[in-house]
Every structure is written in structure tokens, then in C-alpha cells.
Amino acid sequence: MQILRDALEPEGWLSPPAITHIARAVGLPRARVEGVAGFYSFLHLTPGGRYRVRFSDNITDRMQGNHALLARLCRQLWVEPGKVSEDGLVSVDFTSCTGLCDQGPGMIVNGRAIGRLTGARIDEITVLIRDQVPLERWPRALFEIADNIRRRDALLGADLAPGAAVRAAIALGRREPEAASSARSWREGFEVAPQGPTAMLEQIKRSNLRGRGGAGFTTGLKWEACRRAQDPRKYVVCNADEGEPGTFKDRVLLTRHADLLLDGMTVCAYAVGAHHGFIYLRGEYRHLLEPLQQAIERRRSAGLLGRALCGEPGFDFDIDIHLGAGAYVCGEESALIESLEGKRGVPRNRPPYPVVSGYQKHPTVVNNVETFCAAALVAVKGGDWYAALGTGRSSGTKVLSVSGDCARPGIYEYPFGVAVRQVLADCGAERTQAVQVSGPSGICIDATEFDRRIAFEDLPTAGAFMVFDESRDMFEVARTFTHFFAHESCGFCTPCRVGTALQRNLMDKLADGKGSQHDLNQIVALDDLLKSASHCGLGHTACNP
Ligand code: SF4
């Protein structure tokens, strides 16, 4: 996939000779290479314009007028949506959420993200494209992405030196027996204080840290299963494929807290015995690639990546970045691993789980950005400290991506257990009709439920918190989400491939005023079918809207 991405850069598309050349060079059938390229939205097999413009099309972009802005750009550049202009200069189209919901509407031009689109900005971009100004010479202000951090807590407020968590993990494992004896109280029935990497693992288990990707699997159990796997070759993978519409907090963590993430991944490697790690970075965050590579290089120079980290013999660990290419389903961990291996991102059958048979069939821990950042905190401050934050079943804090109808969209971090009503008050939401928690695959709550709490035991979320005021048509919101699922279904299994398309068509029919009770019944029947017969979580949740 990385070869395909590199080959794409000069021309903006993968020509048939380029595919043939790559297939020969890597010794694979041509059809296989083409099949991989055809799976990903950003690996184009047909030529686009020299300027390839893609408007983000999340519901929040729509609320901010992205369709009118696209029409304005198309009108000014004489190009039809979804087509290439006659002179080959520009092509304009929509793409799924680009992770700029707090500063939308957003777009991507030749891989570079631009937010806060207005009519004036569209006019400026029109002139730049018409004058064929290279992207490197476009005003820098166009590409500025704000962090919009509105509330910090334990994680966003942490000010740890790079490597602090790694050193803390090693120190924890190096404790002399007498010092370690104080750890007997760590856990009832614990006879011998753990040492080495096991001590770090014990702290993660004590913290009750649960994965922040939405499913909430216990991180300590995941790491322990990987550590116990009888295979000397293990991997650590960071899922930075933040594709759920309305979610953008990993963008900020990757921008402002890259060292905390890299610390967390290294701590995990230490605990499970892995020597190699990957960051799977979503294609829409291409602009973060170079800064992350620089952060990795700095750590190599500082002895925080490479051989014998921090002077610990045998602790060898390094990290590579894998750039995704626009496939929402790759957020599912086994699909992500397939993609990492250079294949189509089709979810695997499970079991076996990645902790037993993951990347290249070796034991692999996959956690998301926020989970690794939290693990770094646990290494420094201890499992008990972390477990004391939040609620009994949801320890720690949660970083929310708040967008939609509110005065202060952005990033908010709270201890788990915060009420929806509190978040709405903090972000300046008024006359709120509904909140979509955890994106299209999540749950939509109305005003009677605003006392519910963000926590695994009540409202679990991967981070999206989209606010809709009383002026919004919630049917239209749901219809937009059904279009999203129909577009992002990977097509592997029939219930989801056909079911998401049927659902979209039924919603369009209702929107056209041609629906009947029969169509509503069909949607309910599709919900049952997709939940019971789909191969992966995308199909299971596609009818939630
Ligand atoms: Fe692909 Fe949908 Fe089937 Fe998942 S449920 S494997 S996304 S077709």
C-alpha cells in the first residue's frame, strides 16, 4: 500500500503501466495489486484533475453549508461535481468526514486539509487553482488547523517529558526485592511483587484502563494475552485511523501529544515483549505524517527508540508509520491489520484474535491513540491513581470531539461519568434537540436523556459528540448517516453490501415523500438482518441511525 501511495503522488493516479510495473517489482499478480488499489478511496485508478478537491461530507459539514460551497467552486471553475474539468485542471467531489468538524466545512486538496471554508475562501482557492499556483505556494493560513482544546483534565493536562513513561516502566520492573515488597498490597493475594515487564502489566491491569476505540475491552487483559502468546515475535499497532464521522480528538493528540502516544506504545512493547510497532495513520491526516516522522526521529536520536532503550539490555523497539488510503472499515482492528499487510481492508474471521494471530500471524496488540496515551500516564502515575479517576466501571478520563450546534466546538476532556447536560453547558449549546454520541454507529439521545452519563456503563463513546439544535431535521441527519454506511460498506458480505444500499434507498424514498408504512417496516427488518448476519461491526451498527 505504501508503494501504491508513493506511486500515486507524481500524477495523482495509478496508471495501468504503473500497476503492471509495481506488480512485477513485488512479484504479485497484477490483478491482486489492482484489487488492493481499487479498495481504497484515495488510490485512484482513473485520472483526476491536477488539483483534486474533495469536500468533507459529514452531517456537520452539511449543516455549515458544504454543498453550497462545492457548487460555488464548481461554478467558478467550470467543472461538474464528480467529474474532471475539460482541461484536466481540476476535479471536485465529496469524501467522508475529514476530521475537521470543529472547524468545518473542510476539504482536502491533493492530500492537504483546509478547514473553515467560507465563500471568500472558496473564491481565493478558485483563483489559486485557475492560476495553477503549486500547493506549496498557497498561503499558509489556508492550511492552519486549530487545536481548539477547550477543557483539559489528566491526559491533555499532562506535561510529561518525552520518555518519562518508558523510564518509569523500566524503573518499576527494576525495583529491588525490598522496595518491591511494598507492592504486596497492590493486590489482595499477591504473594511476590512482580518485576520486569510484568510489573508494568500489573499496573495497567490495576488501572482498569479500557480501550478508547468504543468497544471498551480491558487493556490489561489484551496486553497480558499478547505477552503470554508463545511467539517471540510480537507487534504493537496504534490505530490512528480515526474515521468515525464527528471524531477528531486523535488529530489533536497526534499533533500536540505525539510523545505521549509514542511513550505509550513503547511501554506496551516493554510489557508484552514486542520489538516493532506501527502507527496506522488515516489518509485524511496525511498532513500529520512528516511531524510524526520527525517525532520518531527525535526519539531515535535520544535513545528512546532503537536498541537497548534507556540502557535496558534486550529492550529493542522501533516504530514505522503506515498511511491509510480512505477506508472507514479499516478502523476495525483485523481489517486494519489486513491493510497493514498490504491487502484489501476486509475484516477477518475471529477467533483467532489479533493478540494471538495478528500482523503477519504474530501476536499483536492493537489499541487506539487515546488508549496508548492513557497507558503512558498509568506508567508514570500508577494504576491506582488512574483507577481512582472516573467511575467504578469506567476509569480515567475521556476526550470528546464536540461539534455541531454549539458556540465552542472543539476538544473536551472529562473524567468518565460526566453528564451530557454538563458537556452541553460547557460548549455553549442552546435549544438542543438531540446529541449523537459516538458517531453514526453510536446512539442518538434527545432532551429527556441529557442527564445520562458518558461512561461504558451508560453512554459509551469513541469520542464523537455531535449537537443538533431544534432547527435541525433529525430525519435528514439519519438519512445522511445511511448514505455514509452504504458508501463505506466494504462489500465483502451480502447482508451489509446489499442491506446498507437498500436502507439508503428506503430513506431516500421516504425523503422524497413517496414512502409508506411498508418501507418503515422494511427498515426495521433490515436492522434485524444486518445485526444478526453481518460479518463485522460496520454492518451490525449500520441501521442504528
Ligand atoms: Fe464489509 Fe460490511 Fe461485511 Fe463488515 S459487515 S465485512 S463492512 S460488507
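**Group meeting talk: prolines, strands and a ligand**

Okay, let's start with P352, which is found in the loop between α14 and β9. Helices here are DSSP runs of H or I with at least four residues, strands are runs of E with at least two, and both are numbered from the N terminus. This is a predicted model, where local features need pLDDT of at least 70, side-chain atom pairs need 80 or more, and totals for chains, interfaces and linings use all residues. Residues are numbered from 1 along each chain as its sequence is written, and side-chain values use heavy atoms, with hydrogens and water left out.

Back to our proline. A cis peptide bond joins P351 and P352, with omega at about 5 degrees. Go one step back and the bond from R350 to P351 is cis too, with omega near 0 degrees. P351 is found in that loop between α14 (333-340) and β9 (364-368) as well.

Now for β1, residues 51-56. It is largely enclosed by the rest of the structure, because 6 of its 6 residues are buried, meaning under 20% relative accessible area with a 1.4 Å probe on protein chains only. Y51, V53 and F55 point one way, while R52, R54 and S56 point the other way. So who are its partners? Strands pair if DSSP finds at least two bridges between them. β1 runs parallel to β2 (residues 90-95), with 6 bridges, and S56 sits opposite T95 there. With β3 (residues 107-109), β1 pairs in the antiparallel sense over 3 bridges, and V53 faces V109.

β6 (residues 235-240) is joined to β7 by 6 bridges, running parallel, and V236 stands opposite G277. β7 also pairs with β8 (residues 318-323), again parallel over 6 bridges, with F278 opposite D320. To get from β7 to β8, the chain passes through helix α13 (residues 289-301) in a right-handed β-α-β crossover; with the strands pointing away from you, the path from the first strand over the helix to the second runs clockwise.

Last stop: which residues come nearest to the ligand? They are C490, F492, C493, C496 and C536, out of 13 around it, counting residues with a heavy atom within 4 Å.

Technical notes:
Buried < 20%, exposed > 50% of the residue type's maximum accessible area, 1.4 Å probe, protein only.
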